[in-house]
Amino acid sequence: KKGCDHGQCGACTVHVDGRRVISCLSLALMHEGEEITTIEGLGTPEALHPMQAAFLAHDAYQCGYCTCGQIMSAVALLKVNPKPTRDEARQALAGNLCRCGAYDHYLNSVLRAAQGA
């Protein structure tokens with residue numbers, strides 16, 4: 001996803017071998033042989049990833065500018081900390097800017113996905 005091109009907004013967040021990477025600051029050549037996952041690799045319209053489903057349930061899809069990065073950051077968080085506190089989730093998403101100010105929706109979505117609900 002095109003964002004700020006300066007590594008400041010988090011909209012272009014992807015996973016490289018399972019870890020969170022801001023793609024606008026990373027050349028593809030730097031990741032030769034590594035697995036790169038974008039938002040399209042998480043789920044399908046017929047079978048959403050649990051985090052995508054949680055975002056739907058908590059109305060966390062606002063204008064869409066930051067959504068991909070928010071979800072990718074949240075999924076990366078749950079890989080290293082499957083049961084984060086609200087403050088831990090807030091810290092993990094801190095690098096993702098939201099124009100709509102829907103941060104509570106994102107945090108609720110992360111906590112819901114962590115519960116497996």
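A residue is called buried when its relative accessible area is under 20%, exposed when over 50%, and partly exposed in between (1.4 Å probe, protein chains only). Helices (H or I, at least four residues) and strands (E, at least two) are DSSP runs numbered from the N terminus. In helix H2, the buried residues are Thr67, Gly69, Gln70, Ile71, Met72, Ser73, Ala74, Val75, Ala76, Leu77 and Leu78.

The model is predicted: local features need pLDDT of at least 70, side-chain atom pairs count only at pLDDT 80 or more, and totals for chains, interfaces and linings use all residues. Residues are numbered from 1 along each chain as its sequence is written, and side-chain values use heavy atoms, with hydrogens and water left out.

The expected span of a helix is 1.5 Å times one less than its number of residues. For H2 this should be 20 Å, and the end C-alpha atoms are 20 Å apart, which agrees.

A nonpolar core is a set of buried Ala, Val, Leu, Ile, Met, Phe, Trp, Tyr and Cys residues joined through side-chain atoms within 4.5 Å. The largest one has 25 residues, and Met51, Ile71, Leu78, Tyr106 and Val110 touch the most other members. Helices H1 (50-57), H2 (67-80) and H4 (103-115) each give two or more residues to this core. H2 gives the most, with six residues. Contact means heavy atoms within 4.5 Å. Leaving aside residues up to four places away in sequence, Tyr106 touches Phe55, Ala60, Gln62, Cys66, Gln70, Leu93 and Cys98.

**Strands and salt bridges**

Two strands pair if DSSP finds at least two bridges between them. S1 and S2 run antiparallel and are joined by four bridges. Val16 has Arg19 in S2 as its bridge partner.

A salt bridge is a side-chain nitrogen of Lys or Arg within 4 Å of a carboxyl oxygen of Asp or Glu. The structure holds three.

| Pair | N to O distance |
|---|---|
| Arg19 and Glu34 | 3.7 Å |
| Arg86 and Asp104 | 3.3 Å |
| Asp87 and Arg90 | 2.7 Å |

Arg19 lies in strand S2 and Glu34 in the loop between S2 and S3, so their pair ties together parts 15 residues apart in sequence. Asp87 and Arg90 are three residues apart in helix H3, and therefore separated by about one helical turn. Asp87 counts as exposed, at 55% relative accessibility, whereas Arg90 is partly exposed, at 39%.
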